[in-house]
Amino acid sequence: MPPHDPEFSSPRGEVPRPASLVPMQTLWRRLAAPLRRRIAESAAGRWHAGAFEPDLDEFLVGRVAASVRFRPATVARSSPERRARLLLQSAPDLGAPLLRVLLVDWFVHGGGGPTLEAVYEALGVPHDGTQVVREVLSGPLDPERTVTAMARLVDQAGEEQEALGLCLEVLGHTCSPAWAPAVHAGLAAVRAPVVGHEPEVGPQAEGAARRAAGASASGAPTSEAGLDAGVGEARPGEAPPEPVGGTLAPDPLEAAEAFTTLDRLLVRTVVAALQGVTGAFSLDEVDDLVGEVVDLNDTRLASRFHLGFLDALLERPPALSGAGDNAPRRAAYLCGRLQGAMRRHGPAGLLAAFDAVSAGEREELRAAGGPLAAETARVLVPALLDAGRVDEAVRWLRETWRPAGRQDAELLLRWARHALTAGLPDDARRVLEALEGHLPRLSGARAASEVGFQLHRRRAIAERHLGLAAAAEARLRGLEAAAETPLQRAQLVTDLALVGLGVRGLEGLALPEEPTQRATFAAALAPHAPGLRAAAEAGVPLASFLLALGALARGDDASDDRAEPLRRAVAAMTEDDRTFWERSGVLPRARAVLALLELRRLDLGQATAAAARLETALETPGALPRDLVDDGLRQALLADAPGAVGLASAFLRAHGPAVLDHDLTQALARAADAGARVALVDALEASPAGRTASTRFALLETALGGLVAAGDEALAARALDGLERLACEDGEAAALLRLLADERLWAGVWSRAEVRELRARLLEGLGRLDEAVAELSALAHAAISDEDEEAPELVARVRALGGAAADVEALERRLRAHEAHGPAPSPVSPLPRPIRLLFLGGNETQARYEQALTAWLAAEHPLVTVEFEFPGWGSNWGRLIERLAPALERADGLVLMRFVRTQLGRSARARAGELGLPWVPCTGHGEQAIRRALERAISAVAERLRRAPSP
């Protein structure tokens with residue numbers, strides 16, 4: 001970046017720039033206020049110190065003075081602090097070359113130097129601090145290195161991304177096209193924080209609005225950009241649209257056609273007094289002055305206007321019926337009063353004052369005609385329109401309103417545009433019809449022609465919104481002969497394409513969900529394609545969007561041809577009229593389509609940003625058909641883009657569990673983001689019933705592998721639990737047995753004994769008794785070695801399942817030997833008080849034993865009460881544990897069957913441990929096995945009570 005650009009010596013010139021760069025004025029407006037202040041303060045200090053070249057200093061003084069309406073001498077003798085304030089205030093008016101001067105100076109000589117040096121260093125450019133010779137700036141860079149270097153530099157930028165983005169934008173404006181890959185690679189990552197920043201709203205912005213209003217009031221011609229492009233597409237230079245309420249503002253009163261120099265002086269004097277301007281008249285003096293003017297010429301209607309104007313500003317009661325008053329005098333007074341109310345309280349105050357007078361007096365004013373009534377109508381019609389009082393506004397517009405210049409017609413054209421986007425096409429049509437009658441009053445044939453073109457185009461758009469396609473097409477065809485510029489012809493081509501597609505409002509411009517309907521969409525668009533390509537080249541962003549939609553509808557793979565024009569279109573929508581394009585839904589859909597086209601290219605440099613854009617687009621319902629979003633997601637996963645997991649999570653949230661498949665499940669299960677993993681498991685647990693059990697099992701198995709790889713044991717336990725439910729309830733026992741053979745999938749979650757128990761149950765259910773006996777035998781041998789009370793029950797189960805006689809006999813010998821060396825089993829210990837047990841486990845088979853067990857307890861253990869809970873293999877064991885929490889808290893012990901889901905057993909044991917309750921396993925599943933387990937539990941509770949300290 002050279003310290004002095006070649007254009008500095010002729011600031012009126014403009015260096016050609018790539019279309020993807022942000023215009024200099026737009027870039028300045030969208031910088032954060034603190035950064036703008038730092039740049040202005042740096043430039044002001046160097047400017048004051050004489051560091052700028054003489055011709056630049058002289059030119060800058062003149063431009064700043066003209067912008068703030070100071071004398072150049074005043075600017076020239078300003079302090080650095082004042083120069084900084086003046087630069088901030090006037091920057092939007094300085095033009096692109098001067099703004100480039102300030103920004104280049106900031107990076108070469110000011111606080112942006114470290115950022116510029118970091119860019120040079122990352123790109124391997126020879127530099128002396130911030131100085132680089134012209135030959136280096138004009139030379140090529142290694143494309144591969146630039147992309148990698150920019151990505152690394154953006155990662156390191158941290159909170160300085162805005163300054164980095166600004167530096168790259170300025171480099172793009174000052175360096176040769178050979179540097180474009182480096183600039184674009186960096187901007188792809190940092191553009192959003194810079195370009196997306198909304199301009200600061202404050203005195204500076206208000207001053208710009210007042211200057212624009214002043215230019216309109218003076219009758220100065222506006223540029224063609226002042227005519228917006230209607231609902232069809234946005235035009236450069238137009239301010240972002242606002243809601244229908246509050247969109248219009250009156251012209252300054254001093255420009256009223258009926259006023260003489262004396263009248264304008266009186267208006268300014270009254271306003272200055274009211275605002276307390278230093279040296280202004282006092283309010284008493286102003287009141288006396290206006291009264292004297294009225295007395296000097298009682299028949300002069302403008303004098304009565306000033307009386308009404310002052311009464312409104314001072315909020316005095318209306319004086320509409322003085323001695324000798326007639327309709328014209330009352331109308332003149334009312335004109336002044338309404339203008340004063342507008343000046344004092346804005347449109348709401350104007351309408352309040354208008355409604356406060358009688359209907360007859362309002363009618364006198366409307367019928368009075370003349371310049372004063374016309375001036376009042378110019379502020380009243382916009383206020384009525386913004387208040388939704390369209391019938392009244394149209395009547396005033398037809399009969400009283402008169403345009404003071406082209407800007408008045410443009411004001412109403414903009415209102416019609418906002419009405420169309422707000423869903424009020426009939427209101428827009430009526431206003432446009434009324435405005436059409438005033439076209440002959442516009443000064444200048446060109447002004448009338450341009451306004452007429454936009455008016456009729458708006459009427460066609462209104463007719464399209466109303467479903468009057470034939471009328472809209474006829475009007476647009478008629479306008480083709482009147483089109484004077486390539487842009488106008490491009491707008492008409494785009495509008496005709498919308499009519500041909502049957503699109504009413506832009507909110508309905510989207511690809512159909514069904515592929516067959518998309519084919520119909522592509523066929524309807526095909527005849528318009530040649531014209532749309534020309535329109536896109538002429539700068540109509542909507543044409544590029546339509547072409548991209550057509551490509552997707554046809555299933556085109558030529559994404560390179562579509563992505564770049566659409567990228568420029570999205571940038572134009574964002575820069576020129578972002579609010580309108582977002583409100584219409586076109587901008588979010590265009591971003592989504594662009595992201596999809598970029599992802600199809602499998603370019604990692606673009607895939608990351610594209611994945612993020614597509615994720616954002618998912619927040620807009622209907623932005624893209626689901627199958628196309630799914631296609632984009634696959635491309636992001638294939639490219640291994642860093643944003644692919646976020647996109648996958650958003651896709652899952654938007655479309656629910658039905659979208660899950662192997663690739664998506666695997667990506668989310670391995671995600672570094674814990675929230676993405678939780679969302680995946682939640683979705684798998686709520687998997688649609690339409691899916692087969694084997695499909696659900698396969699997805700859970702995929703998720704389990706990813707969760708284990710991610711080290712998430714808690715979610716891996718939930719996945720294993722879901723697999724166990726499918727195995728026990730939905731016939732996937734064989735699949736679970738296969739999975740359990742891979743110890744890596746459960747080693748950190750379940751114990752080896754739990755897995756053996758589960759395998760035994762599954763094998764028994766499948767009729768593979770020999771294998772089940774082998775698992776139970778291993779459990780029985782371990783229990784005997786550990787002197788576990790479960791050992792007898794396990795041996796009994798081996799015998800019941802038909803274990804080999806020799807194996808059973810060996811187990812029984814070991815069991816007897818251990819029992820002989822151990823203490824003799826004692827009878828059930830007596831209880832010092834009544835106790836309560838919770839029995840948990842089993843299914844409907846065990847539930848049939850409850851009545852007999854209750855009778856046995858009453859006879860043998862009258863002090864024992866047992867609450868039975870037979871959950872089966874139900875999937876809501878988490879809620880079951882919550883429901884049983886009170887029962888566990890009032891219980892003295894827990895009997896837990898092995899015939900429960902593994903995670904349910906683990907949770908129940910953990911809860912019992914937290915409460916300090918003894919728990920006893922029940923390995924068998926018959927009535928006798930349950931009795932023995934209950935007796936062991938009674939003994940354990942009795943022993944615990946015996947050892948408890950006396951109260």
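**Notebook: a helix pair and some salt bridges**

I began with helices α36 and α37, whose crossing is left-handed. I am working from a predicted model here. I looked up the geometry next: the axes of α36 (residues 693-710) and α37 (residues 713-729) come within 9 Å and cross at roughly 160°. Angles over 145 degrees count as roughly antiparallel, so α36 and α37 are roughly antiparallel to each other.

Then I listed who makes the contact. From α36 I noted, among them, Phe-697, Leu-700 and Leu-704, and from α37 residues including Leu-715, Ala-719 and Leu-723. By class, I found 12 nonpolar, 1 polar and 3 charged residues in the contact of α36 with α37.

On to the charges. I found 54 salt bridges in the structure and picked a few to look at.

Next I turned to Arg-429 and Glu-433, whose side chains meet in a salt bridge (3.0 Å, N to O). Both lie in helix α21 (residues 425-436), 4 residues apart, about one turn of the helix. Glu-433 is partly exposed, at 27% relative accessible area. I also saw that Arg-429 and Glu-433 belong to a network of salt bridges, with Asp-391 and Arg-459 among the other members.

Last, I looked at Glu-754 and Arg-909, with their closest N and O atoms 2.7 Å apart in a salt bridge. Glu-754 is in helix α39 and Arg-909 in helix α46, 155 residues apart. Glu-754 counts as buried, at 12% relative accessibility.

Terms used
Residues are numbered from 1 along each chain as its sequence is written. This is a predicted model: local features need pLDDT of at least 70, side-chain atom pairs count only at pLDDT 80 or more; totals for chains, interfaces and linings use all residues. Side-chain values use heavy atoms; hydrogens and water are left out. Axes are lines fitted to C-alpha atoms, for helices over the stretch in contact, and angles run from 0 to 180 degrees between N-to-C directions. Helices (H or I, at least four residues) and strands (E, at least two) are DSSP runs, numbered from the N terminus. Angles under 35 degrees count as roughly parallel, over 145 as roughly antiparallel, 65 to 115 as roughly perpendicular and the rest as oblique. A crossing is left-handed if the near helix is turned anticlockwise from the far one by less than a right angle, and right-handed if clockwise. Contact means heavy atoms within 4.5 Å. Ala, Val, Leu, Ile, Met, Phe, Trp, Tyr, Cys and Pro count as nonpolar, Asp, Glu, Lys and Arg as charged, and the others, Gly among them, as polar. A salt bridge is a side-chain nitrogen of Lys or Arg within 4 Å of a carboxyl oxygen of Asp or Glu. Buried means under 20% relative accessible area, exposed over 50%, partly exposed in between (1.4 Å probe, protein chains only).
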